[in-house]
Amino acid sequence: MKFWEEKFETMSVDAMQDFQLTQLKKTVTWVYEKIPFYKNRLDDLGIKPQDIKSLADLAKLPFTVKNDLRDNYPFGLCAVPVPELVRVHASSGTTGKPITGPYTAEDLEQWSNCMARSLTAAGVRSSDIIQNAYGYGLFTGGLGFHQGLTKIGATVVPTSSGQTERQITIMQDFRTTVLCSTPSYALTIAEKAAQMGVDLRALPLRVGVFGAEPWTVEMRKEIEARMGIKAHEAYGLTELMGPGVAFDCEGQDGFLHVNEDHVLIEIIDPVTGEVLPLGQKGELVFTAIQRQAMPLLRYRTRDITSIKREQCICGRTLVKMEKVYGRSDDMLIISGVNIFPSQIESLLLDQKEVEPQYVIIVKKRGYLDTLEVHVEAKPAIYEAGAETIKGVEQKIENHLKGMVGIGIKIRLVSPGTITRSEGKAKRVIDERKK
Ligand code: DLL
């Protein structure tokens, strides 16, 4: 079985667009009638639900931003009375109040199907034993994967994140075949296994489904090599359902299929709000067209990506979005140059003298912002002494300068000193805010 919901995953573009328009009309009527926040927004713009006549009319609708969710915390954007909700997730966010993700029973059912699509595309089957090491709780990763896995009938081992030694023991004892976690936690598991003398490549583990944070293709290959698995990807966000919004397939061309019968996707210029054409990079905007509890219109994710529509070797016709390498908030602007942490990751992972463990420190020197990257040396390099270390630092600094055009200081630190991730890795430390 190659698809979970073949009808939608392989639908012709015309049929998909007809379906999307019907759902968009329903959604706009639904939010207009049920959510005062949207009624006021649409009234202010002079838009009535019956004005939505084509998909192009999407551009007339107002954007929703993170602060709208914070201002309406916890249930102000719910279209159904709170007793009709069956679940609420939340994302902690870095500042201010968290953001809530409320679900009706029907929303949960749809989410499970979206997850089942993603897992099926990754090659997960009902006969698999899955260790779900995403955090269970308010975070959508744990329960989101759990429901999708249950839907396809696989055996779920709900380890949640943390207790890494126990994860490895369970992997050996239960003969786990699939690992679900953040990519950074997968790396932590691989490293701990090596320390314990366990060769993960000799175990039945064969697939990983990773997501919830940016990770480069180099990082994927590193994890694949250390674990002896095929690594797949899941993308999503609490505001839209959680994981299950987009997923990669066997094509692995750096793009993810979007469940576009559930979410309409647009790319906008983050400054002007103008919709950008296919292929152009900008801010990712989603409109939920099947949700009951909280269908957001034109939600600005702050994630930066582009879209393409083309025949995929997997047979899916679902539109594709480029792998997200960062959010607009993560972009560092140093001496006028825009740098994403993932660019630095790509380069570091190509250097054989260092471990894939790093942290980027932003500092203020006078009026200037500067970057310093701490990366762990391989034990042999560290033990070789100051001269070798200096040489490697110099080499990486030169590579980085060639790539981004500005000077970034590299410091090789001793093995094992950078904090290991059990969930979303914290790659950037901003000392300017101290
Ligand atoms: O991270 C949902 C999720 C759980 C996705 C498990 C995949 C796997 P939030 O905590 O609300 O939800 O964070 C959402 O995380 O806007 C992106 O910036 C980032 N993100 C999620 N998946 C990816 C990915 C979950 N595959 C935010 N690549 C999003 C890059 C990702 N960034």
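This is a predicted model: local features need pLDDT of at least 70, side-chain atom pairs count only at pLDDT 80 or more; totals for chains, interfaces and linings use all residues.
Residues are numbered from 1 along each chain as its sequence is written, and side-chain values use heavy atoms, with hydrogens and water left out.

**The ligand**

Select the ligand together with the 22 residues around it, of which Glu 233, Ala 234, Thr 238, Asp 303 and Lys 424 come nearest; a residue belongs to this set if one of its heavy atoms lies within 4 Å of the molecule. Next, display the polar atoms: a polar side-chain atom of Glu 233 is 2.7 Å from a nitrogen atom of the ligand, and an N or O atom in the side chain of Thr 238 is 2.5 Å from a ligand oxygen atom.

Now colour strand β7 (230-237) and helix α6 (140-152), each of which supplies at least two residues of the shell around the ligand; β7 gives the most, with 5 residues. Helices (H or I, at least four residues) and strands (E, at least two) are DSSP runs numbered from the N terminus.

**The loop at Thr 64**

Move to Thr 64, in the loop between α3 (36-45) and α4 (66-71). Thr 64 counts as buried because its relative accessibility is 0%, where buried means under 20% relative accessible area, exposed over 50% and partly exposed in between, with a 1.4 Å probe and protein chains only. Show the side chain of Tyr 38 as well, since 2.5 Å separates the polar atoms in the contact that joins the side chains of Thr 64 and Tyr 38; a polar contact is a pair of N or O atoms within 3.5 Å, and within protein one must be able to donate a hydrogen and the other to accept it, while residues adjacent in sequence count only if both atoms are side-chain atoms.

Turn to strand β1 (residues 87-91), where Val 88 lies. Val 88 counts as partly exposed, because its relative accessibility is 32%.

**The cysteines**

Finally, select the cysteines: the structure holds 0 disulfides, a disulfide being a pair of cysteine sulfur atoms within 2.5 Å. Cys 114 is in no disulfide, and the nearest cysteine sulfur, that of Cys 314, is 16 Å away.
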